[in-house]
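I opened this entry to keep a record of what I looked up, one topic at a time.

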Amino acid sequence: MKIRKHIVVFSGAGISAESGISTFRDSGGLWEKYDVKDVATPEAWRANPTLVLNFYNERRKQVLEATPNAAHKALVDLEKKFEVTIITQNVDDLHERAGSKNVIHLHGEIRKSRSTYDPQLVYKIKGWELNPGDRCEQGSQLRPHIVWFGEMVPEMERAQDITSTADILITVGTSLNVYPAANLVHAAPRSSQLLVVDPNEVNVDGLQNVVYYKDKAGVALPVIVEHLLANY
Ligand code: OAD
């Protein structure tokens, strides 16, 4: 029996840029308009939950208006021939809406809320708004199901274990600036191949077997996927 090769895709905000969703660190990115510590930390939530809820309501509205682009769709085709795991830092659901089956969200999911009393109580949000006074079944305020700066990344260990079995790792649209997520590239076996897709320079120092595609995800990924399907 032939064992299918395992491709792990590590995606960041850049893969959704061509769907109209803002990235964080590019010029004009979200962290130029907002201060992280005002909207994306536990301290911000304690100081001004309404501001935090409004910030994520705007992000959620943008996600609901967006649709998957050529890059998200190309990755679905990989499943015809390979075992594929998508590990995304994105909180949007564009990989799932494109049709990818196996998606891990390292930084949470914007279309979900969770209880501030019991983190196991996670709910799908209907529509785009989560408001002060929206409560879990235990009566506590709901917060966005997002991993904020200064919080643990609960899926990190599982993501590292999965990446350690990769034959090919594709990183796409991530500046590799945010830890611990960015450590994932070091979890891949030394024998694996690393394909990096980003129109701008990304720091890949210390990594081996790197092939750099200095292009937009929607341009590079369909070509890469076609090549992988034809040659493996
Ligand atoms: P960044 O905004 O840091 O990086 C986005 C990357 O996408 C940059 O390297 C861009 O050059 C690249 N890019 C832009 N347009 C692209 C395109 N069309 N195709 C491919 N790449 C493109 O976003 P992330 O690395 O995802 O965390 O940021 C990581 C985390 O920082 C996010 O998950 C978020 C943020 O703060 C939290 O909110 C917890």
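I started in the loop between S7 and S8, where Leu176 lies. The model is a predicted one. I looked up the backbone of Leu176 and found a positive phi of about 55°, although the residue is not a glycine. Is Leu176 buried or exposed? Leu176 has a relative accessible area of 10%, and the cut-off for buried is under 20%, so Leu176 counts as buried.

I stayed in the loop between S7 and S8 for Pro180, which has its place there. The peptide bond that leads from Tyr179 to Pro180 is cis. I noted its omega as near 10°.

I then went to the loop between S8 and S9, where Asn209 is found. Asn209 is not a glycine, and its phi is positive, near 50°. I read a relative accessible area of 41% for Asn209, which is partly exposed.

**Sheet**

Next I traced the open sheet. In what order do its 6 strands run? I read the order as S3-S2-S1-S7-S8-S9, with parallel pairing. S3 (103-105) and S9 (210-213) are the edge strands; each has a single partner strand, so one side of each has no neighbour in the sheet.

I checked the pairing of S2 (residues 83-88) with S3, which is parallel and runs over 3 bridges. For Ile86 I found Val103 in S3 as the bridge partner.

**Helices on the sheet**

**Core**

I turned to the largest nonpolar core, which has 23 residues. Which residues have the most contacts inside it? They are Phe10, Ile87, Leu106 and Leu169. S1, H8 and S8 are the elements that give two or more residues to this core. H8 gives the most, with 3 residues.

I followed up Leu169 and left aside its neighbours within four places in sequence. Its contacts are Val8, Phe10, Thr163, Val185, Ala188, Gln193, Leu194 and Leu195.

**S4 and S6**

I looked at S4 (residues 108-115) and S6 (residues 142-146), which pair in the antiparallel sense over 5 bridges. Ser115 stands opposite Leu142 in S6. How many residues of S6 are buried? I found 5 of its 5 residues buried, so I put the strand down as mostly covered.

**Ligand**

I ended with the ligand, which 23 residues surround. The closest of them are Arg25, His107, Ser175, Asp198 and Asn200. I then looked up polar side-chain atoms and their distances to an oxygen atom of the ligand. For His107 I noted a distance of 2.7 Å between such an atom and a ligand oxygen. A polar side-chain atom of Asn200 lies 2.7 Å from an oxygen atom of the ligand. For Trp31 the distance from a polar side-chain atom to a ligand oxygen is 2.8 Å.

Technical notes. Residues are numbered from 1 along each chain as its sequence is written. This is a predicted model: local features need pLDDT of at least 70, side-chain atom pairs count only at pLDDT 80 or more; totals for chains, interfaces and linings use all residues. Side-chain values use heavy atoms; hydrogens and water are left out. Two strands pair if DSSP finds at least two bridges between them. Helices (H or I, at least four residues) and strands (E, at least two) are DSSP runs, numbered from the N terminus. A nonpolar core is a set of buried Ala, Val, Leu, Ile, Met, Phe, Trp, Tyr and Cys residues joined through side-chain atoms within 4.5 Å. Buried means under 20% relative accessible area, exposed over 50%, partly exposed in between (1.4 Å probe, protein chains only). Contact means heavy atoms within 4.5 Å. A residue is near a molecule or strand if one of its heavy atoms lies within 4 Å of it. A polar contact is a pair of N or O atoms within 3.5 Å; within protein, one must be able to donate a hydrogen and the other to accept it, and residues adjacent in sequence count only if both atoms are side-chain atoms.
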